[in-house]
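Student: Could you help me see how the labels used for a protein structure follow from the values behind them?
Tutor: Gladly, let's look at one together.

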Amino acid sequence: MQGKTVLVTGAAQSQGRSHAVAMAEAGADIIAVDSCRQLDIVPYRMGTEEGLAETARLVEATGRGVHAAQVDVRDRAGLEQAVAEGVDRFGSLDVALANASICTVQPYDEVTDEIWRTTLDVNLTGVWHTCAAAIPHLVANGGGNIVITGSTGSTVGLPFYLPYVAAKHALVGVCRSLALELADRNIRVNMINPTGVDTPQGHSTVLPGLLEARPDLGPIFMNSLPVDRIEASDVTKALLFLASDDARYVTGAALPVDAGSTIR
């Protein structure tokens, strides 16, 4: 990543912060984006302005530059402006990490219009906005790559996660379609599908109660390897590979980092 510029959405905490700091440690300047506001439908702590400032501080501590912007990925114009400002500062864009995501947990008959619409707007349309904002700069750079954060819910059904799974399944199609269209411009597009990660999003307080009523569904959430959750750094390490020249001929791939949960 030496001398490259990397866009990271959802950068104020968790996986996004891990990705941003690791990319900086590997030599990249960072465009760090987060909405920095709590959504009413989301039951866990989301990123904050203070969190984004801490990510920026950690990046700067590596000796690399950071352009931090408080932007919701649902706001395409705002995202395009933030990316353009970062490119103006650092000179180019090499990698876009479409990481921002939200999650709610409830039975299908408790999925409100707001939950459905907001989840798809952030997790699917927000990823598309990230790609759309990045692609012109990647083309101008002569190539680069995009890495989308998916989920085991991109591969298998997960009960009680209906809108989340709908969006994450759709990202597989986004990844493969863009990989085909952008191949002639030397832009690779891949995705990473993690199992549950030890982050605020990865700790549901609702799911255990739902599984008590439906114990037959519990095994779907079990990993094959002896771990309940992986670390954000485990996802970051896979991402560093996909974003590097070591993966120069890998495109359109969905890489599971799921402790064997989807092979059960």
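Tutor: Let's start with a definition: rings of Phe, Tyr and Trp pair if their centres lie within 6.5 Å. In this predicted model, Tyr 161, Tyr 164 and Phe 221 form one aromatic cluster.

Student: Why is the pair of Tyr 161 and Phe 221 called tilted?
Tutor: Their ring centres are 5.9 Å apart and their planes make an angle of 45 degrees. Planes under 30 degrees apart count as stacked and over 60 as edge-to-face, so 45 degrees falls in the rest, called tilted.

Student: What does this pair link?
Tutor: Distant parts of the chain: Tyr 161 is in the loop between strand 5 and helix 5, while Phe 221 is in the loop between helix 6 and helix 7, 60 residues apart.

Student: Why is Tyr 161 called buried?
Tutor: Buried means under 20% relative accessible area, and Tyr 161 has 10%, so Tyr 161 counts as buried.

Student: And what makes Phe 221 partly exposed?
Tutor: Its value is 24%, which lies between the 20% and 50% cut-offs, so Phe 221 is partly exposed.

Student: How do you know that Gln 13 is buried?
Tutor: Gln 13 has a relative accessible area of 16%, and the cut-off is under 20%, so Gln 13 is buried. This residue is found in the loop between strand 1 and helix 1, and among the residues Gln 13 touches are Arg 45, Thr 55 and Pro 200.

Definitions and conventions. Residues numbered from 1 in each chain as written. Predicted model: local features only at pLDDT ≥ 70, side-chain atom pairs only at ≥ 80, totals over all residues. Heavy atoms only, no water. Helix = DSSP H or I, 4+ residues; strand = E, 2+ residues; numbered from the N terminus. Buried < 20%, exposed > 50% of the residue type's maximum accessible area, 1.4 Å probe, protein only. Contact = heavy atoms within 4.5 Å. Phe/Tyr/Trp six-rings, centres within 6.5 Å; stacked < 30°, edge-to-face > 60°. Lists of a residue's contacts leave out its neighbours within four places in sequence.
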